[in-house]
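Walk through this model with the structure open beside you.

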Amino acid sequence: MNESYHMKTQNIIGNEEWCAFGELNIPAIKARIDSGAKTSSIQATNIKRVVRNGESWVDFEVNPVQDNRSVSVFCSAKIVDTRIIKSSSGTTQKRFVIKTPVTLGDRTFDIELTLANRDSMEYRMLLGREAMQERFLVDPSKHFVMGDYDQEAFGQFYRHLYREKTGLQIGLLATNRNLYSNKRLMEAAQARGHEIQFLNIQHCYMRLDAQTPEVRYRGGNILDELDAVIPRIRPSMTFYGCALLRQFDSIGTYCLNTAASISQSRDKLFSSQLFSKNGIQIPVTGFAKSPLETKDLIDMVGGSPLIIKLLESTQGKGVVSAETNKAAESVINAFKSLQANILVQEFIKEADGKDIRCFVVDGKVVASIMRQAPKGEFRSNIHQGGTAHKVRITAEERRLAIKATKILNLDVAGVDIIRSNKGPLLLEVNSSPGLEGIENATGKDIANTIIMAIEKKLKFQAIDHSS
Ligand code: ADP
């Protein structure tokens, strides 16, 4: 065969071409021409083997629009083979093979396709050597030689499959979807007509560059259509969770609590410094690194009884009290020898094991409870044995809670206040406050309030379908 023979009978194709599958109801899908692959493949999800009239068939879905998972075409085809496919990374995968007519330009022919569930495939289809043989020559410098569609024309093909968007698209960025707070936020968003997606922090990853920063989710889905993200980042995830939030912020997604506000609220020392600088009453607090000044550290905060807190503590686990100066000294020195960062604080005895949790949303206290430690215990926020009930807070406490939230620039916060002889004192501000205790004690639908705050921020108004 000479070259002119090829030129006459074989079409030139570029490195990307549009393919159509008449029998699969796919009028257009972008294919990468991949002479490195023998068999062609199409990316499929929900792949299920079924038996029809004694034959093996396969049901699957194809998302023909790149980067869009919400448009999916249901397909069904007879299985002609199963093949072990070795990927470039060396892993093997068993795949079903189907045979179906494909159209490229004005040529239609049967093609064997493997169903790939490798979600990270950049193209939804790869056209391999088998399909090209005796038909096409590849000119890798060209694209869409067999015809091209613009965005608009391509969009028309699948218009009927796009769901009408009536609510907001929200992401819940957390770790465990079964936690009470997360479940409540999901159901509250859905009840208000929004679409909410649970995003496991550990399954998100990022692309950084000057033009198109991205957040992607397991499976390669690009999260570029979210209107808002609700962060529920557990303390051990602060570093990565906040990095993701900054990325969402840079692509224009509204974050309910910013990365900066979360990380500063998690730093007990830093937030205490911000409070004292802004005239917010807190228990007298000392902080030191060197073991030499322990005695003066104790004197400085007024002597015993006092409280010693590990800076990394949560849920009161790293908080101890010392009745005498001697006891305080040994505890402080013990912590220091472990290189732990600690705070030393005056003990508010008159609080009598109680503290107040104010739930603040969008600059308002929407609920408050008083928590009482079990008998003989001073830590009121521990989970075992403590009780909580609804409480009426004073105007001063309300102002304190709101001001603390503003200083940290949090949209949602749980503000812990302790009642002292000197008036209310701020203990700490939690940027991912739990909903269970406070909803149960007050009977309020706080999840709904949070979703409404997002609507307000985004100036969202529900479309009234009844009129
Ligand atoms: P964590 O950050 O680990 O939750 P907190 O600082 O909230 O620790 O303290 C846990 C609990 O200990 C509080 O809810 C409060 O009941 C009690 N507590 C904390 N600091 C003091 C203090 N200075 N005086 C009296 N009780 C305190």
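Predicted model: local features only at pLDDT ≥ 70, side-chain atom pairs only at ≥ 80, totals over all residues.

Residues are numbered from 1 along each chain as its sequence is written, and side-chain values use heavy atoms, with hydrogens and water left out.

Look at the polar contacts (pairs of N or O atoms within 3.5 Å). Lys-309 places a polar side-chain atom 2.6 Å from an oxygen atom of the ligand. Glu-428 has a polar side-chain atom 2.6 Å from a ligand oxygen atom. In Gln-345, a side-chain N or O atom is 3.0 Å from a nitrogen atom of the ligand. Taken alone, the ligand exposes 550 Å² (Shrake-Rupley method, 1.4 Å probe). The protein buries 98% of that.

Now turn to two helices (DSSP runs of H or I, at least four residues). The axes of α5 (residues 238-250) and α6 (residues 259-266) come within 8 Å and cross at roughly 160°; these axes are lines fitted to C-alpha atoms over the stretch in contact, with angles from 0 to 180 degrees between N-to-C directions. The two helices are therefore roughly antiparallel (over 145 degrees). Thr-238, Cys-242, Leu-245 and Arg-246 of α5 meet Ala-259, Ile-262, Ser-263 and Arg-266 of α6 (heavy atoms within 4.5 Å).

Finish with the backbone. The peptide bond from Ser-304 to Pro-305 is cis, with omega near -5°. Asn-53 has a positive phi of about 50°, although it is not a glycine.

Notes
Parallel < 35°, antiparallel > 145°, perpendicular 65-115°, else oblique. Polar contact = N/O pair within 3.5 Å; in protein donor to acceptor, adjacent residues only side chain to side chain.
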